[in-house]
Amino acid sequence: MSAVLQYPPELLFTICEYIYAAGLPPSEYASSLDPLAIGEFGTPAALPSSMPPPNWSEPEARKTLSRLCLVNHAWYEAAKPWLWHKIEVRLPRSWLALLDEITIDTEDDEKAALAVKESIQAATHAALASAVRIGASSDEDAARKWKESIMESLTGPDGSIPPELLTPPASRDPSPRRLRPKSKSPARWKIMRTISDAVQNVMDLAEPGVYVPRLHDPRPGRFVRHLDFNHFRTIGMRRSIEDTATSRFVTGERVEALLKELPNLTAFGATEYMDGALSLPVLNELLLRGSASRGGGRPTRGRGIVMDDSEEEDRERRRDCKDLQAMDLTGCVSAVFVSALTEFVNTHLLHEDDHSSGSDDESRRQMRRALARFMQEEPLTFPGLQRLGLRGVKSIQPRILMPFVLAFPSLTHLDLSATRVTPELLTALGGSNVRLHSLALARCVHLTGSCIRDFLVRAPAAVRIRELTLYGDRTFPSPLTADDLAEMISSAPCFTSGELTYLDLSSAPVTRELLIDVCKPQPKLRSLGLSYIPDIELDVIAQFLKSKAMNVEVLTLVQTSPDLDWGRAGLGMGAPRGSAQQATIALHSQIIGPLCTPPYMSTLRSQTVTIPPSPTRLRVIELSVPALTALGAGAGTWRIIRSKGGRGWYVDTASGWVGAGLQRNLPLAHPFRVQMCRLADANGNVNSGVGWHARKMEVLHGCGMLGREDGLYGAVSFAYQG
């Protein structure tokens, strides 16, 4: 332990950084696509790795860091920033405790004065330490003189700290004659900057050329990089409807106060459980920080009007903040959020008099005029944000959605599934500087097949796409025609490059000719969606996987192929084309047998025969509920694993990424096989993060469509059928 005490702080900080990184999910290239196993299984030898798991669970990494905080003060200072690095709000009481820990009531003079006193003491110690390095005295008299000099500098005529905050509360005269109009206390960031400047000025007068390190905020808000409400719930608290409406835990004022104390925030996630707190001031705090407040792009409207002190102070504070890099607004549809986003776009991105007239034609004309102005003028842009999730944000009108999305020129991940995205937005996005890596356009009812085709074939923004979902179902089928799909598969750079890792063409008119003759090989494809295609044969899919997509591990076949469509789909759909027994036999004989079983090798002549691998890596097949019911308990190592919702998969429990590659026929007692069998036995009683082939893009960590999430985001990804 004595040797550890002598380690430099930088080394301890780096060790804690590695511990924190051990709890982060791997990149989309290194993902095993399997649910994370919890337990002591050792360290993976290579990635991808299903067992041992590729990363620690987040509670395990947090527990390790919290234990390091108890070793000594040096370890505490090294581990504290990483404990606060990622904040997930889960319970209302923990949310209120978080507010008390990070924020401070600037209207409370006693708390503000105490903060000033502590900051001055810290500044005095820093100045004294700097003076000692050059041979100055460090006794109590020297410390008192430094403090008096700092106080004298702060009480000057140009001081930005009110005099009542520089005196201890107990020394103030409580007489009514002292009462005077109360001045608003400055923000803590301004207090810290003022004290630091005062200390440096005093040092320049006493010892020119000596640098005093700037003060750091003692509160932990500066450490927070990630804040999300993915796990936040108020269900089960026995609150009445009146309490829910009038006594909300997560309010706009509280979120705004918290965001003001998080200058280094780079990732923010919201859900439908708290979208009523996404007011205009909250959106301003999220987006108008960093380069947007330093003069990047054009300033806000009303640039000729003199701003009041509070607005100018906010702009000055936001200049020192980092740009937001990722924002997930999945399912946010409240009237407060819609109104706030509309006002934000009208104020900062469009003319304020651009209001919808109610007519569709007039709305489209206004949208085109807005686009023309947006392209001609230099707009306010947010170049720092790279990942944006708007899945299920159905209430935002197209004329608001278009300029909002176009205001982010550095996007690499974009999820517009189930929104009112229009062909005009795709056209404008194709002509922008955006270079997308992951794109989700599932169930977008306003898009046409031609606009999707033109965007993927001709737009420079779509050249680097590696993950693409055009998912559709029986309710909202794909708008692509056979001609659109043929041109897209044959000419789109994302298809011809062979770099796709995730692809979903569910409900598209996929035919034998397109898969076998037109489509180029896809050697990196790992997850493929071909659901709701009733007329394609299973042997065609098997031939495509065997010849052009051998590395596909997950395949969706919900209500696909006449071989699996054995039940009536509804009135007028005709007689069933098979039976449950025939569907089960077809699945095993045409898909599982040819693709997942190693070739037969005789061992009669030699005892050292090397068994070749199976033709493909297929090990997970998503099927409809009737098809899964017909499979019963499964066959051999293949078992049914159900999600928390309506989705389910037929999984080879003896196949996974173990050691240096994908292995099949794992022993019965292997930890990974035990884990998979446990999930199968749960019969859907699992957490929301169990599943394969996500429907939602993971944007906060940048893992895209191959990422894993739990909480409400996990339910959208793996549980919801629609």
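Biologist: Where is Tyr532 found?

Modeller: Tyr532 sits in the loop between strand E10 (527–529) and helix H21 (538–548). Helices (H or I, at least four residues) and strands (E, at least two) are DSSP runs numbered from the N terminus. This is a predicted model, with local features needing pLDDT of at least 70 and side-chain atom pairs pLDDT 80 or more, while totals for chains, interfaces and linings use all residues. Residues are numbered from 1 along each chain as its sequence is written, and side-chain values use heavy atoms, with hydrogens and water left out.

Biologist: Okay. What is the phi of Tyr532?

Modeller: Tyr532 has a positive phi of about 55 degrees, although Tyr532 is not a glycine.

Biologist: Is Tyr532 buried or exposed?

Modeller: Tyr532 is buried, at a relative accessible area of 10%. Buried means under 20% relative accessible area, exposed means over 50%, and partly exposed is in between (1.4 Å probe, protein chains only).

Biologist: And Asn665, what is its phi?

Modeller: Phi of Asn665 is near 55 degrees, again a positive value in a residue other than glycine. Asn665 is in the loop between strand E16 (661–663) and helix H24 (671–682). Asn665 counts as exposed, because its relative accessible area is 59%.

Biologist: Switching to prolines. Which peptide bond to Pro48 is cis?

Modeller: The one from Leu47 to Pro48, with omega near 0 degrees. Pro48 is in the loop between helix H2 (9–22) and helix H3 (58–68).

Biologist: What about the bond from Met51 to Pro52?

Modeller: The Met51 to Pro52 bond is cis as well, with omega near 0 degrees. Pro52 also has its place in the loop between H2 and H3.

Biologist: Let's zoom out. How many helices and strands are in the protein chain?

Modeller: The protein chain has 25 helices and 16 strands. There are 722 residues, and 52% of them count as buried. The chain exposes about 33000 Å², with 54% of that supplied by carbon and sulfur atoms. Those areas come from the Shrake-Rupley method with a 1.4 Å probe, and for residues only the protein chains shown count as cover.

Biologist: What share of contacts between residues at least 6 apart join residues at least 24 apart?

Modeller: It comes to 75%. Contact here means heavy atoms within 4.5 Å.

Biologist: Now helix packing. At what angle do the axes of H11 and H13 cross?

Modeller: The axes of H11 (residues 280–287) and H13 (residues 335–348) cross at roughly 55 degrees and come within 9 Å. Axes are lines fitted to C-alpha atoms, for helices over the stretch in contact, and angles run from 0 to 180 degrees between N-to-C directions. H11 and H13 are therefore oblique to each other. For the cut-offs, under 35 degrees is roughly parallel, over 145 roughly antiparallel, 65 to 115 roughly perpendicular and the rest oblique.

Biologist: Which residues in H11 meet H13?

Modeller: From H11, Leu280, Leu283, Asn284 and Leu287 meet Ala340, Leu341, Glu343, Phe344 and His348 of H13. The residues of that contact split into 6 nonpolar, 2 polar and 1 charged. Ala, Val, Leu, Ile, Met, Phe, Trp, Tyr, Cys and Pro count as nonpolar, Asp, Glu, Lys and Arg as charged, and the others, Gly among them, as polar.

Biologist: How many residues of H11 are buried?

Modeller: H11 is mostly covered, with 7 of its 8 residues buried. The buried ones in H11 include Leu280, Leu283 and Leu287.

Biologist: How far apart are the axes of H13 and H15?

Modeller: The axes of H13 and H15 (residues 398–406) are 10 Å apart, and the helices pack at an angle of about 60 degrees. That makes this pair oblique too. Leu341, Thr342, Val345 and Asn346 of H13 meet Arg399, Ile400, Pro403 and Phe404 of H15. By class, the contact has 5 nonpolar, 2 polar and 1 charged residues.

Biologist: Last one. Where does Gly384 lie?

Modeller: Gly384 lies in the loop between helix H14 (360–376) and strand E5 (387–389). Gly384 counts as buried, because its relative accessibility is 15%. Apart from neighbours within four places in sequence, Gly384 is in contact with Asp323, Leu324 and Gln325. Gly384 and Leu411 are 27 residues apart in sequence and 8.7 Å apart in space, C-alpha to C-alpha.
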